[in-house]
Amino acid sequence: MNWFFKTTQQTSPYHQRKGNVFRRLHIDFTLLILLILLSSIGIIILMSAGHENMGLLNRQATRLAVAFFAMLVVAQVPPHALKMFAPWLFLLGTLLLLGVLFVGDMGKGAQRWLDLGFFRFQPSELLKLATPMMVAWYLAERRLPPSNKHIVLATVFIAIPTVLIAKQPDLGTAILIASSGLAVLFLAGISWKIIMGVIAAGAALAPVLWSFMKDYQKQRVLTFLSPEEDPLGSGYHIIQSKIAIGSGGLYGKGWTHGSQARLEFLPESSTDFIFAVFAEEFGLIGCIGLLTIYLLIFIRSIYMSIQAQDTFSRLLAGSLSLTFFIYLFVNVGMVTGILPVVGVPLPLVSYGGTSMVTLLIGFGILMSIHTHRKLLSS
Amino acid sequence: MKTRFDLKSSLQENRLFLLRATTLIVFVLILFFALIARLTYLQIETHEKYADLAQNNRVKLSVINPVRGLIFDTQGRVLAENNPSYSLELVPEQVQDMPETLKQLSALLPISDDEIKLFEKRRQQQKRFASVPLRNRLNDTEVAVFSANRHLFPGVDIQARPIRHYTFPELTSHVVGYVGAINEKELKTIDPVNYRGSRFIGKTGIERTYETELHGHVGYQQTENTAQGRSLKTLSYTPPLSGKDLTLHLDIDLQKVAHDALGDYTGSVVAIDTRTGAVRALVSKPGFDANLFAKGIDQTSYSQLQNSSKRPLFNRSLRGQYPPGSTLKPFLGLAGLDYKTIHPHQKIYCPGFYQLPKQSHKYRDWKKTGHGMTTLHDSIVQSCDVYYYVLAHELKIDRMHHFLHKFGFGQKTGIDILGEKSGLLPSREWKKRTRNQVWYPGETLIAGIGQGFNLTTPLQLAHATAILANKGSAFTPSLVANIDNKNQLPATTLPIKLNNPQHWDLIIDAMYDVVNGARGTARKISIGANYKIAGKTGTAQVFTIKQDEEYEEENVVEHLKDHALFIAFAPARNPQLAIAVIVENGGHGGSVAAPIARAIFDKYIQVTP
């Protein structure tokens, strides 16, 4: 595992040389290889899930190229600059969110898009990064573990975008943003007493939350609890996706041979439910392989965050690493029927543009943090 | 930026972070193994069950569209029906040599390059085993030609899809309306389950108002399919619930008479059966070919319709707002009687103009020489303006408003199609509220001859005429007579009680003489009728003549000519039908609008003597 944990400071001459090239370009080689591997697998699944629709593949490939480019650009921005931008990005994102609430385009019954004339933009994507940046920026200035007062204020920063996005309504993204902010708080070291207390309070408040949910959100939860109740409506997704995964077995039916996706039983097979297509065609072995790549990306990222030198970088990097895995967990959890359907794509694999760009920009930030470190004179 | 160089606390923070990061790794590992465990359960433990289900998942659920309800006229003639429309469709996966197939098909059928281009575009967007249309609306010959050669084209087939067809596309374009492709806005308001397979939705008229009834409810069927997705047999079937059939009060014969009588004029005719409120004719001219919309209208035709100066898409009978002109006089005369501001036999001298006390402005009568000594009866028969200047001046605007309001002016009639306008019945309060201006006495005079702020729709005018014909008690105008053989009951309007009910007869007598009297403004239409009509002519100014100018008919450009109006009911003593006619830029009500009403009465009164 040494190659995996190698850092650019390692002393072997080989690593020194190679490390220097990538380090000068602010690229983390290991992470880059893992991300390229994952998106290549994504293209291969999409080929099957999209029924060899070349238009679909071209668009996805273009988006990936753009997203990787954005990642490399962001990696050039030093962490102290990111820290400086953090509150402004957060403010901008929040204002845009408010803008969406008032003038946003109604897309699919949900108000998420802001039409800027030349392109449509989802402010919630900006907040996926701006929220953990904001909380990290705020807490990095204080003595850690944070005092109760700072915890409360940080919670407010998390709550603002979460509530606004949940109102859109986009429950999936709201969950991801809340967890990215809470991850920062956790890494900053809030006491277990508070964590346990919040969990207990949350359980007690669940009925209140229920009353605030939109009908379709309630429907999703109810469907999740008993999908067989509504086989024609929203339960259909879960039933069909479980059939796809289960029928895949240990080895799978082989690439492009999954009958569920091919015969169109599986809805949204190239977007949110693409994991089911993969599981049907590549079986349990393929799934373990795919999940392991995600795990490796997470471990590499969290390792990079441990190596980070200042509090802001450390908190932000740790949060981004965790959010990436939560992303995966929520998607696979929903497709396999252990979580309700909340509309979160499979990171870097699902067809669709905006979330991919955001994710890779997140990795760009990680790379920047890792490659801008100064050598400490011990 | 303050940075604390507190080595001890910095070290503590490092250790704390390391601890927390490790906790996160453990947490993530737990999640990771939870997913693996779940996948193992699905793919190993219950694999057989799901493999079976996937096998049997050759069973496919598909939507069956309900058949849209038909629309009939009062005598059971079909106005809107569903015709099969045949389209030539290809399943790309089953076509071996696409370019060759397209070439051969083009040789066989008149397929244009545009159709092929559109087909290629659609093919890119769809699944390889989905059916993609190449040519829509095949005619019978094309269907026959292809059917004979079908064996040569594997993967090519003819699909039948019902398409709405209007039997009288132009006659009923405004009243029945039309269906069109569901747009994005409508998509948000409709029930997604019920409309899962629907492509069309009612856009205007009856089609829109009764969309829920006409659409019906979607059905489902489960079919067993081959591995290629072709269906083998039907396993279960939940039938769709067809849309309900509607029978209208509308009489297509009467509609046609009204339509033809209007000739090349733009305008509107509304005819209401006074005994039930049944709308027998509702014409707005020009109309348009409603079938264009049902088939899916192309951009050129649509913009042509939309940009036409005659505005064929505009439903004048419901949404056209016109000054009622002199047709308002019978109602105002009744108001004068009821408020006792005039006496039936009282005479007013008409010198051809009227002046408010202490004002120099002359309010002119249409007859320059004046009508001389005029009674209420004469004022209606000859349509004397000065009489109504005097009457209005004494009545004042608020009492006029109050009385006319009872006849439905300035408010929607409540007819059962959407989109009706409410017209405008001015009052002091209205002017204050909307324009923040005080009311001037001169405006009352202008309102007294149905000009100025007054606006009515043809439907309102017909409805008010029906109320007058029935001496105060009438019915809300309605178009739908029965839904799926269930009769819709007529709804009565609030009856109008006069202080002296004999006043009704005074007004009706005067309207009788408008048509049947020797000096009536519509006396020409009484010739040869074996029943009696009571009516009132009207002329509505399109533009204002300046104080010293003359309105000279020959010199006025067509679109600024006066509108011709006529309201009437017949038989005068035992009313059956009330009519309002508005002919845009038609000139005189008596010569242009009245004969149109006569033609309709001739048809209707003779049909049901």
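The contact between the chains takes 36 residues from chain B and 47 residues from chain A, where two residues are in contact if their C-beta atoms, placed from the backbone, lie within 7 Å. The elements giving two or more residues to the chain B side are helix H1 (7–45) and helix H2 (47–56). H1(B) supplies the largest share, 20 residues. By class, the chain B side has 20 nonpolar, nine polar and seven charged residues. Here Ala, Val, Leu, Ile, Met, Phe, Trp, Tyr, Cys and Pro count as nonpolar, Asp, Glu, Lys and Arg as charged, and the others, Gly among them, as polar.

The model is predicted: local features need pLDDT of at least 70, side-chain atom pairs count only at pLDDT 80 or more, and totals for chains, interfaces and linings use all residues. Residues are numbered from 1 along each chain as its sequence is written, while chains are lettered from A and ligands numbered from 1 in the order in which they are written.

The secondary structure of chain B comes to 21 helices and 21 strands. These are DSSP runs numbered from the N terminus, with helices (H or I) of at least four residues and strands (E) of at least two. Of the 609 residues of chain B, 41% count as buried. A residue is buried if 20 or more other C-beta atoms lie within 10 Å of its own, exposed if 12 or fewer, and partly exposed in between. Among contacts in chain B with a separation of 6 or more, 73% join residues 24 or more positions apart.

The largest nonpolar core has 123 residues. Such a core is a set of buried Ala, Val, Leu, Ile, Met, Phe, Trp, Tyr and Cys residues joined through C-beta atoms within 7 Å. The residues with the most contacts inside this core are B:Ala258, B:Val269, B:Ala271, B:Ile579, B:Val581 and B:Ile600. At least three residues of the core come from each of domain 1 (55–77 + 167–246) and domain 3 (252–607) of chain B. Domain bounds come from an automatic or database domain assignment. Beyond its neighbours within four places in sequence, B:Val269 is in contact with residues including B:Leu262, B:Ala281, B:Val283 and B:Ile596. A second, separate core of 117 residues includes A:Leu46, A:Val100, A:Ala136 and A:Leu315.

Helix H19 (residues 458–469) of chain B has twelve residues. From first C-alpha to last, H19(B) reaches 16 Å, close to the 16 Å expected at 1.5 Å a residue. The expected span is 1.5 Å times one less than the number of residues. Twelve of the twelve residues of H19(B) are buried. They pack against strand E11 (267–273), helix H12 (316–319), helix H13 (329–338), strand E20 (563–570) and strand E21 (577–583) of chain B. Just after H19(B), B:Lys471 takes a positive phi of about 55 degrees.

Strand E19 (residues 534–540) of chain B is also mostly covered, with seven of its seven residues buried. In a regular strand the side chains alternate between the two faces of the sheet. Both faces of E19(B) are covered: B:Ala534, B:Lys536, B:Gly538 and B:Ala540 lie on one side, and B:Gly535, B:Thr537 and B:Thr539 on the other. Seven bridges join E19(B) to E20(B), and the two run antiparallel. Strands pair if DSSP finds at least two bridges between them. B:Gly538 stands opposite B:Leu565 in E20(B).

B:Asn487 is found in strand E18 (residues 486–487) of chain B. B:Asn487 counts as exposed because it has 10 C-beta neighbours inside 10 Å. Not counting residues up to four places away in sequence, B:Asn487 touches B:Ala481 and B:Asn482. B:Asn487 and B:Leu246 are 241 residues apart in sequence and 9.9 Å apart in space, C-alpha to C-alpha.
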